[in-house]
Amino acid sequence: MVTVDDVRRVARDLPRSEEHLIRDRVKFRVGRIVYVAFSRDETTMGFGFPKEERAGLVAADPSKFQLPRESDMRFNWVVARLDQLDEAEMTELVLDAWRMVVPKKVWTAYLPRLA
């Protein structure tokens, strides 16, 4: 099972990424744009994900992924149950969400360091 601390280990070294506690919820953002956010009980993780691909992701594994609440459907966002994610999958989701909110030159300079 993935925890907030696992995500923190991935996100803390990402360029321009900052952790914030907003209304008792841990969120990671770049500037004012949130790319990962946890539920208050830390059982689910919302993350940036392309709108046009999210229905397919949710349909592929509805026990793991769900659409965001109705008021958040306008955003590029999906929610995952942390007890269903493994560390490799979480890392990929967090990195992809981060890539959506930083300039290309930032993530292209950073990602080769992961290889």
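Colleague: Why is Ser 39 called buried?

Modeller: Happy to explain, and bear in mind that this is a predicted model. Ser 39 has a relative accessible area of 17%. Buried means under 20%, so Ser 39 counts as buried.

Colleague: Where is the place of Ser 39?

Modeller: Look at the loop between β3 (33-38) and β4 (44-48), where Ser 39 is found.

Colleague: What does the side chain of Ser 39 reach?

Modeller: That side chain comes to 3.2 Å from the backbone nitrogen of Thr 43. A polar contact needs a pair of N or O atoms within 3.5 Å, and the distance here is 3.2 Å. Setting aside neighbours within four places in sequence, Ser 39 is also in contact with Arg 25 and Thr 44.

Colleague: Thanks! Now, what about Leu 111: why does this residue count as partly exposed?

Modeller: Its relative accessibility is 21%. Buried would mean under 20% and exposed over 50%, with partly exposed in between, so Leu 111 at 21% is partly exposed. Leu 111 lies in the segment after α4. Not counting residues up to four places away in sequence, Leu 111 touches Trp 98 and Arg 99. The C-alpha atoms of Leu 111 and Leu 95 are separated by 9.0 Å, and these two residues are 16 apart along the chain.

Colleague: Which residues touch the most other members of the largest nonpolar core?

Modeller: Those are Tyr 35 and Phe 47, in a core of 33 residues. Several elements supply at least two residues each, including α1 (4-11), β2 (25-30) and α2 (51-60). With seven residues, α3 gives the most to this core. In soluble globular proteins, nonpolar side chains tend to be buried together.

Colleague: What is Phe 47 in contact with, leaving aside neighbours within four places in sequence?

Modeller: Among its contacts are Tyr 35, Val 36, Leu 57, Phe 65, Trp 77, Leu 93 and Ala 97.

Note on methods. Residues are numbered from 1 along each chain as its sequence is written. This is a predicted model: local features need pLDDT of at least 70, side-chain atom pairs count only at pLDDT 80 or more; totals for chains, interfaces and linings use all residues. Side-chain values use heavy atoms; hydrogens and water are left out. Helices (H or I, at least four residues) and strands (E, at least two) are DSSP runs, numbered from the N terminus. Buried means under 20% relative accessible area, exposed over 50%, partly exposed in between (1.4 Å probe, protein chains only). A polar contact is a pair of N or O atoms within 3.5 Å; within protein, one must be able to donate a hydrogen and the other to accept it, and residues adjacent in sequence count only if both atoms are side-chain atoms. Contact means heavy atoms within 4.5 Å. A nonpolar core is a set of buried Ala, Val, Leu, Ile, Met, Phe, Trp, Tyr and Cys residues joined through side-chain atoms within 4.5 Å.
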